[in-house]
Amino acid sequence: MTKPLANRIALVTGASRGIGYATAVALAKAGAHIVATARTQGGLEELDDEIRKDGGGATLVPLNLTDSDGIARLGAGLHERYGKLDILVGNAGVLGPSSPIGHIELKTFTDVMAVNVTANFQLIRCMEPLLRQSDAGRAVFITSGAANKATAYVSPYAASKAALETLARAWAQETANTPLRVNLFNPGPIRTRMRATLMPGEDPATLETPEQVAEFIVPMCAPDWTETGKFYDYKSRSLMSFRSPA
């Protein structure tokens with residue numbers, strides 16, 4: 001039986017652990033060939049082993065996403081090897097400091113923005129031509145409720161996710177009349193290392209897992225997904241539209 005994502009190429013950032021890892025595994029099980037990026041070679045090798053256990057295939061790309069030239073080289077390499085990209089999952093992100101705004105150093109702030117915003121901007125620039133070569137290009141960016149809650153003491157993270165949401169929404173509007181679909185996914189509190197860092201006293205057993213989340217991301221990457229410029233809220237299991245201010 002043909003798998004729903006057979007012969008599709010999927011780029012997943014931050015794929016060495018957490019939601020990125022689980023999403024890469026789930027996409028591979030659905031038939032996609034995974035191009036996995038992360039900073040840690042060891043985590044990527046573990047992912048490769050997991051994908052190959054089920055007969056899937058992966059290309060491992062150790063890459064720090066603050067390396068804009070590296071992202072450009074990745075795009076060129078994908079063009080040379082495949083001539084297209086079908087799926088982009090922009091998952092990589094950093095939490096940054098938990099501190100009042102006035103106590104945060106400028107470099108610390110810009111470091112968070114570099115990974116959570118600028119890297120995704122560069123991914124869009126370099127991968128859009130490849131996604132347009134697909135018959136059904138799909139892009140999903142992982143966001144956070146902190147973006148609209150303006151959560152105290154994690155201002156760089158909240159601001160970066162708000163910027164990412166606006167960037168993705170603008171791209172969705174720019175590509176609305178093409179086969180490319182661009183959406184956002186908010187997982188909410190999930191059993192990840194980032195969550196444990198933010199909430200060290202929380203019992204992880206009370207949280208859902210990245211594997212559960214991934215099962216909802218995969219359909220947004222499929223050719224039959226038609227929505228664009230939308231926001232999927234995992235906690236409420238609902239697809240939402242953004243509303244203009246009153």
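This is a predicted model: local features need pLDDT of at least 70, side-chain atom pairs count only at pLDDT 80 or more; totals for chains, interfaces and linings use all residues.

Entry 1: I began with Y234, which is buried, with a relative accessible area of 2%. Buried here means under 20%. I then checked F216, which is partly exposed at 31% relative accessible area. That value falls between the cut-offs of 20% and 50%, so F216 is neither buried nor exposed.

I counted the aromatic pairs and got six. How do the rings of F216 and Y234 meet? Their centres are 5.2 Å apart and their planes stand at 80°, so I noted the pair as edge-to-face. The label needs an angle over 60 degrees.

Next I placed both residues. F216 belongs to helix 8 (residues 210-217), while Y234 sits in the loop between strand 7 (230-233) and strand 8. The pair therefore ties together parts that are 18 residues apart in sequence.

**Entry 2: the cluster.** Which residues do ring pairs link into a cluster with F216 and Y234? I found F185 and Y232.

**Entry 3: charges over rings.** I looked for arginines over ring faces. R237 lies over the face of F216, 5.1 Å from the ring centre. R169 lies over the face of F242, and here the distance to the ring centre is 4.0 Å.

**Entry 4: a pocket.** R169 and F242 turned up again in the lining of the second largest pocket. I noted a volume of about 180 Å³ for this pocket. Its lining also includes A147, N148, A162, E165, T166, F231, M240 and S241.

Which element gives the largest share of the lining? Helix 6 does, with four residues. Helix 5 (146-149), helix 6 (155-174) and strand 8 (238-241) each supply at least two lining residues. I sorted the lining by residue type: five nonpolar, three polar and two charged.

**Entry 5: the tryptophan.** I stayed with helix 6, where W171 is found. Is W171 buried or exposed? W171 is buried, with a relative accessible area of 2%.

I then listed its contacts, leaving aside neighbours within four places in sequence. W171 is in contact with I124, E128, L131, A139, F141, L180 and V182. I looked up one of these, V182, again. V182 and W171 are eleven residues apart in sequence, and their C-alpha atoms are 7.2 Å apart in space.

Key
Residues are numbered from 1 along each chain as its sequence is written. Side-chain values use heavy atoms; hydrogens and water are left out. On a 1 Å grid over the protein atoms alone, a cavity is a set of points where a 1.4 Å probe fits but cannot get out, and a pocket is an open set with protein on both sides within 12 Å along at least five of seven lines; lining residues have an atom within 4 Å of a point. Grid points are joined across faces, edges and corners, and a volume is the space filled by probe spheres set on the points. Ala, Val, Leu, Ile, Met, Phe, Trp, Tyr, Cys and Pro count as nonpolar, Asp, Glu, Lys and Arg as charged, and the others, Gly among them, as polar. Rings of Phe, Tyr and Trp (its six-membered ring) pair if their centres lie within 6.5 Å; planes under 30 degrees apart count as stacked, over 60 as edge-to-face and the rest as tilted. Buried means under 20% relative accessible area, exposed over 50%, partly exposed in between (1.4 Å probe, protein chains only). A charge sits over a ring if NZ of Lys or CZ of Arg is within 6 Å of the ring centre and within 35 degrees of the ring normal. Contact means heavy atoms within 4.5 Å.
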